[in-house]
Amino acid sequence: MPQATEPSDVRSGFGDSLVRAMKLMGAVKQRVPRVNPQVDPVGYPLMFNLTGEPRRVSEIAERVYLDISTVSRQVSALVGQGYVSRVADPSDGRAHMLTLTDEGRHLLTAIRERRNEWLGEVTADWSDDDVATFASLLRRFADDVEAHPLFTPKDPS
């Protein structure tokens, strides 16, 4: 659905377009069938953060901007489902880290393939240069949001 009125300046138009895109993506998330109905959608970002290396729960929570208790609950479910496993922390034998299992890697591959197929359909009439430019600007925008003082926790001292 197109915007009802066009804003008078480019920055207002940007804000309106961003909110519209975010609402549309939220609606897409609600409508698309899950790859695995047993996995809570909150669990996917946690799993994606384990693709490179094992991590502690606290590190995952920091990287996905959730509290540790939420991440711990999700991780317990993912461990129970066989997508994530606990391994000893090499720097502290009393602690554990989390890593993806082969089954978890297969699930993430399926999610990424399905997402990329859908995005390919949405942008089918875009040139490769347009897709590359949009991806670059989107990364830049996300980096700037992360670096903004409103988003960055303030040092209490």
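In which loop does Tyr65 lie? Tyr65 sits in the loop between α3 and α4 (68-81). The model is a predicted one, in which local features need pLDDT of at least 70, side-chain atom pairs count only at pLDDT 80 or more, and totals for chains, interfaces and linings use all residues. Residues are numbered from 1 along each chain as its sequence is written, and side-chain values use heavy atoms, with hydrogens and water left out.

The chain holds six helices and two strands. Helices (H or I, at least four residues) and strands (E, at least two) are DSSP runs, numbered from the N terminus. Along the sequence the pattern reads α-α-α-α-β-β-α-α. The radius of gyration is 19 Å, well over the 15 Å that the globule rule gives for 157 residues, so the chain is more spread out than a compact globule. This radius is taken over C-alpha atoms, and the rule is 2.2 Å times the number of residues to the power 0.38. Along the principal axes, the C-alpha atoms fill a box of roughly 60 × 45 × 30 Å.

Of the 157 residues, 22% count as buried. Buried means under 20% relative accessible area, exposed over 50%, and partly exposed in between (1.4 Å probe, protein chains only). The chain exposes about 11600 Å². Carbon and sulfur atoms supply 57% of that area. Accessible areas come from the Shrake-Rupley method with a 1.4 Å probe; for residues, only the protein chains shown count as cover. Among contacts (heavy atoms within 4.5 Å) with a separation of 6 or more, 49% join residues 24 or more positions apart.

The largest pocket contains about 2900 Å³ of space. Of its 49 lining residues, the closest to the centre are Met25, Lys29, Arg115, Leu119 and Leu138. Two or more lining residues come from each of α1 (10-31), α2 (43-48), α3 (57-64), α5 (102-122) and α6 (128-147). Helix α6 gives the most, with 14 residues. By class, the lining has 30 nonpolar, eight polar and 11 charged residues. Ala, Val, Leu, Ile, Met, Phe, Trp, Tyr, Cys and Pro count as nonpolar, Asp, Glu, Lys and Arg as charged, and the others, Gly among them, as polar. On a 1 Å grid over the protein atoms alone, a pocket is an open set of points where a 1.4 Å probe fits, with protein on both sides within 12 Å along at least five of seven lines; lining residues have an atom within 4 Å of a point. Grid points are joined across faces, edges and corners, and the volume is the space filled by probe spheres set on them.

Phi of Tyr65 is near 60°, a positive value in a residue other than glycine. Most residues other than glycine have a negative phi. Tyr65 is partly exposed, at 46% relative accessible area. Pro41 lies in the loop between α1 and α2. Pro41 is also partly exposed, at 37%. Its C-alpha atom is 9.0 Å from that of Lys29, 12 residues away along the chain.

Thr99, in strand β2 (residues 92-100), has a relative accessible area of 15%. The C-alpha atoms of Thr99 and Pro54 are separated by 4.6 Å, although the two are 45 residues apart along the chain. Beyond neighbours within four places in sequence, the contacts of Thr99 include Leu50, Tyr83 and Arg105. Ile111 belongs to helix α5 and is buried at 14% relative accessibility. Tyr44 is 67 residues from Ile111 in sequence and 8.9 Å from it in space, C-alpha to C-alpha. Leaving aside neighbours within four places, Ile111 is in contact with Val35, Tyr44 and Phe48.
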